[in-house]
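Open the model in your viewer and keep the selection panel at hand. The stops below go from one chain to the other.

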Amino acid sequence: MGKLNAAADQKIREICRRNLNEKTPLMIILSDIQNEYGYIPLEVQEVVSEETGVPVAEIYGVVTFYSFFSLTPKGKYVIGCCLGTACYVKGGQQVIDKFSELLHIKPGETTEDGLFTLDALRCIGACGIAPAVTINGTVYPKMAVSQVQEVIAGYLNKENEKEGAPA
Amino acid sequence: MSTVNIKIEGIPYQVENGLTILEAAKACGYEIPSLCAFNHGECNAASCRVCLVEATGARGLVASCVYPVAEGMEIKISSQKAVEARRRSVELLLSNHNKNCQQCDKNGQCELLHVANVTGARDDAFAGVHSETYLDTLAPGLVRDTSKCILCGRCIARCNNAHALGILGFENRGFKTFVSPAQNRSFAESPCIQCGQCVNVCPTGALMEHSEIGLVDAAFRAGKHVIVQAAPAVRAALGEEFGYPVGTPVTGKMIAALRRLGFERVYDVNFGADLTIMEEGTELLHRLTEGGTLPMITSCSPGWVNYAELQYGDLLPHLSTCKSPHQMQGAIIKSYWAKEKGIAPEDIFVVSVMPCIAKKYEEKREQEKVNNIPDVDAVITTRELARMIRKSGILFNRLPDEEWDQDIMGDYSGAGVIFGVTGGVMEAALRTVYFKLTGKEKEEIVFTEVRGHEAGIREASIDINGTTVNVAIASGMRSARVLLDEIRAGKSKYQFIEIMGCPGGCINGGGQPYVRSCFLPEEDDNILDTYKEKRAQALYSEDERQVIRQSHNNPQIIELYEKYLGEPNSHLAHELLHTSYAAREKFPEK
């Protein structure tokens, strides 16, 4: 396993130290790291363990318990499909299956070009607009299977435009 | 102590306030079946749901392992509702359990099978999907088989309590949950010190020692000269496997059993312990008088050595270079003894019976080999020895008391015996160091200051000829790290430190018989608090019975140096009896 470079090591320790006085420091530290780097691999957990005194196995347990945390790098666009009870009843499973089919990845995986990650989420508290999908914070309410192709195309176009634009 | 009045099945009792229903019921003479609750709340996850009872004031059934008694509470253990609920909980556990009980080494001592019997659970009540399982057999010391895990969390709690290490944790969630080192790694690829404390508390066969009985059988079949040596702590606990009260020394019967199992020679590791004291005591004197690295720390416990290499690589020069007693004795068997008997070392197979599972790792270390030949070829635990005895049909309890083989390494001193308990190595070393420095024996031979049987730190200052030697003793890594951090910070005031991997020392080693009150109906309720002290007492009493109580007065040790080794720390002694250490990565690249 490649060890962390000095800058990342420093940054992780900073994140730990500024949160140590919180009531539940571990959750906040892990959230901050997830937001900063997009994933929390074992070598990062080792540093968190040193700073907080929480055993690595316990940190690993927390990271694998919550679907919000990831052990591997996430794509540029993280597609979160809610599969909470309301969304599931309203067809959330069909929606995520469609994303899966079109992107050729299973939930939890990332496309080879690193653009998309597909996540199955438990209830995100948006039952009124079920089935709900979030992509990098943007909420897509009452998502229909027929809209999935269009949504993906929208992000792909955005990428193509950037590539085509003059430097 | 305030008390409350409760009723169990309508019968009034007065019990201590603050107890859980489970504890209160026990005090009143009831054993409510339970699994995850262990050792006064050391583990109280209330996760197994086996101990459900009815209690007034509560909605529905309550987990008696965490629910406290209250004034006027009426408890029903044997109501139909409670009995059925407990049975169902066990049936649910069984529905996701690998039920190959015939092949399971835990059979006969399995708490899941015990509660299944007690509750009348049927194994086919809930047929369904099994969760994915993992089997880790890579580590020499212990095996993890999640197909038998009931997710009680006792192992996690013990690793944290004893060592503050937290090697194990719950991974994933829901039905996919399993217990493992981080990243579902093998114990061999994690900072696990392979002490086996987790094995000692596992209620099922999910965590077991890595058995080497097969190696021993193969050596017999191959016609090798199979020599056995047993560590001091084994005799203090083996009897428990055959129904003797905890703390009964069974030295004579153990020797008789080993002989009947077919071992060519039956030796006591105490001879090796005496040898260790000669070498280690001399090393300490050198360091004290010639300015070596101080404090010097003992190196008999392979669990502790693992911890040092994984967590305190910078402090390795503090460790004594002495091998542990059974390794030393193995090296002597394959050199001095082999020469005397005219046998080639390759034809000798040395088996160590140990209270320890980290010894299974130690015997395989490259640094322990002499001319590429391992000192010891197989290590079996106290529990494995009991299994071998049962398998062979030997009626242990009817065996006569026999004596150790008495040729060139049969004698031992009382100093060697007490190695098995925390503080023992220190006391044994002090007896000899005192003599070396003063030229006379200490009149008061017992160093009470260093004695104990629990985890934690003890310290003492011993005045020898006007020189004060400050010593400290720790067992369990939670305690040891305090002393180690002092050394790291340059603030240690000690010259000599004894560290043992397991809390209480070898008597409480990871290879010792399981202590479970449900299988020990004759013992007191508080047996989990007293078993270490009882086992320690068995060793101290053997020390008192010995005529020779200092290692340097063991005549065969004197003879060994005169005829073969020359003097302690000689060139040959270094080649055979000393070793080296190297820092290791906590999570090596896979």
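Axes are lines fitted to C-alpha atoms, for helices over the stretch in contact, and angles run from 0 to 180 degrees between N-to-C directions. Helices (H or I, at least four residues) and strands (E, at least two) are DSSP runs, numbered from the N terminus. This is a predicted model, in which local features need pLDDT of at least 70 and side-chain atom pairs count only at pLDDT 80 or more, while totals for chains, interfaces and linings use all residues. Residues are numbered from 1 along each chain as its sequence is written, with chains lettered from A and ligands numbered from 1 in the order in which they are written.

**Chain B: two helix pairs**

Select helix α9 (residues 270–290) and helix α11 (residues 325–341) of chain B: their axes are 8 Å apart, at an angle of about 100 degrees. α9(B) and α11(B) are therefore roughly perpendicular to each other (the class covers 65 to 115 degrees; under 35 is roughly parallel, over 145 roughly antiparallel and the rest oblique). Now show F271(B), G272(B), A273(B), L275(B) and T276(B) of α9(B), which meet P325(B), H326(B), M328(B) and Q329(B) of α11(B). Contact here requires C-beta atoms, placed from the backbone, to lie within 7 Å.

On α9(B), select I277(B), E280(B), G281(B), L284(B) and L285(B); on α15(B), their counterparts are A428(B), A429(B), T432(B), V433(B) and K436(B).

**Where the chains meet**

Display both chains: 14 residues of chain B are in contact with twelve of chain A. Strand β8 (residues 168–171) of chain B supplies four residues, the largest share of the side of chain B that touches chain A.

**Chain A: a sheet**

Which order do the strands of the open sheet in chain A have? The four strands run β2-β1-β3-β4, with mixed pairing (two strands pair if DSSP finds at least two bridges between them). β2 (116–121) and β4 (138–140) of chain A stand at the edges with a single partner strand each, so one side of each has no neighbour in the sheet. Zoom in on strand β3 (residues 133–135) of chain A, which three bridges join to β4(A) in an antiparallel run. There, V133(A) is opposite Y140(A) in β4(A).

Methods:
Contact = placed C-beta atoms within 7 Å.
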